Amino acid sequence: MATQLTVDQFRQWSDQDAWKRWELLRGTPTEMPEWPEGFHAVHMRIADLLGDYVIRRGFGSVAFLSGGLITQQNPDTVRCPAVMVLLDPTPTGEFPLRFTTRVPRLVVDLAVPGEPHGRAMRRVSNYIQFGVSLVWLVAPEEFAVIQFVPKQPPSVLDKTDELTGNGALPEFSCRVSDLFTLPGGQPPIQPE
Amino acid sequence: MATDTTTSPAKMNAEQFHDWTKLPTNAGRRYELDSGEVIEMPPPTRGHGFYCWLAIKLLTEYLTRRGVGHILTNDTGIVVARDPDTLRGADLMVFLRPPQPADFERPYVEDVPDLVVEIVSPSDTAKMLNRRVEQYLRRGIPLVWVIYPQTHLVYVYRPNEFNIVLDETDELTGNGVLPEFSCRVSDLFTLPGGQLPNASN
């Protein structure tokens, strides 16, 4: 595709195929890796946990279906993480949340097997550079969360560890294993 | 780095682990120790060896110009944690000081290199990759490079700083740890003569 897309053009363009995930990199739509079986269940579980948290707090929003971060303009870049949590009130014109320049408190992405690590890590770096203070890279096949915060090394959390909001999500707490467990205790993904 | 495969149930310290690797039944196999647990590592791929060579070449040229320093290669073991013990096989370790006779009294490294370099294999997982970086930094290693052959990126890690992402258009420096070191990131992926292979295996 020779023509660079703007954010608005990308919004319309990406809606054409709801089954694929796209991001916009310097005006060029770029397909994101397809999620293997079980990842969608983990995705919804994470959105569910964070949605419950926002509801308990009484304000904030969770974008988990087609939200994106406008991290650069001219040419436009829109990163589309799996989940974003914003704790400030949503401006009227931005509801439901789609693409925003507001800085989320937390961004969650899923580590997809087969995707070059450099690409996944580049996304993480973009989020941190954008001002996000907490990023979780969730690895469903390894039942682990790699936590990134500015000015600190990555922190690998296993299923027995506690996952907190690390100051970005006040009073948030769950076990890492909760991200991979469906109601009733059934894990959505079996380890390889 | 290569991706771990199987885990032994027994918890060991680094010394026990070293003795265990010498058993005839374990001959010819590669292992690391992570929090006391043995992890078997698959043999490195041809591509991995190739990109290690390019990094060694650049760093050797740097140390030769400096006139002092040495490099450990071939996944030399380094103890990065005690109680429980973790011993990793780093792809490359750079020391700015000359080697001392006492260094070779132990089979693995227990002091702190100035730089650790890891070359990512396609089969590496996000968890293992980031765990290694975390362990190196918590050990006090002041500079860690993670080289991504598939995407021609280099991630530069320093303690108390978020990583820097460099692509082929960027310059890679010593970040205050390797004085006067400088190269282009593309040099890490470029054959002598300027060819840029797209080796990813």
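**Overall architecture of chains A and B**

Chain A has 3 helices and 13 strands, where helices (H or I, at least four residues) and strands (E, at least two) are DSSP runs numbered from the N terminus. The radius of gyration of chain A, taken over C-alpha atoms, is 16 Å, close to the 16 Å that the globule rule (2.2 Å times the number of residues to the power 0.38) gives for 192 residues, so chain A is as compact as a globular protein of that length. The model is a predicted one, in which local features need pLDDT of at least 70 and side-chain atom pairs count only at pLDDT 80 or more, while totals for chains, interfaces and linings use all residues. Residues are numbered from 1 along each chain as its sequence is written, and chains are lettered from A, with ligands numbered from 1, in the order in which they are written.

Along its principal axes, the C-alpha trace of chain A spans about 50 × 40 × 35 Å. Of its 192 residues, 38% are buried, that is, with 20 or more other C-beta atoms, placed from the backbone, within 10 Å of their own. Among the contacts in chain A with a separation of 6 or more (C-beta atoms, placed from the backbone, within 7 Å), 55% involve residues 24 or more positions apart.

Turning to chain B, one finds 3 helices and 13 strands. The radius of gyration of chain B is 17 Å, close to the 17 Å that the globule rule gives for 201 residues, so chain B is as compact as a globular protein of that length. Its C-alpha atoms fill a box of roughly 45 × 35 × 30 Å along the principal axes, and 36% of the 201 residues of chain B count as buried.

Note on methods
A residue is buried if 20 or more other C-beta atoms lie within 10 Å of its own, exposed if 12 or fewer, and partly exposed in between; C-beta atoms are placed from the backbone. Two residues are in contact if their C-beta atoms, placed from the backbone, lie within 7 Å.
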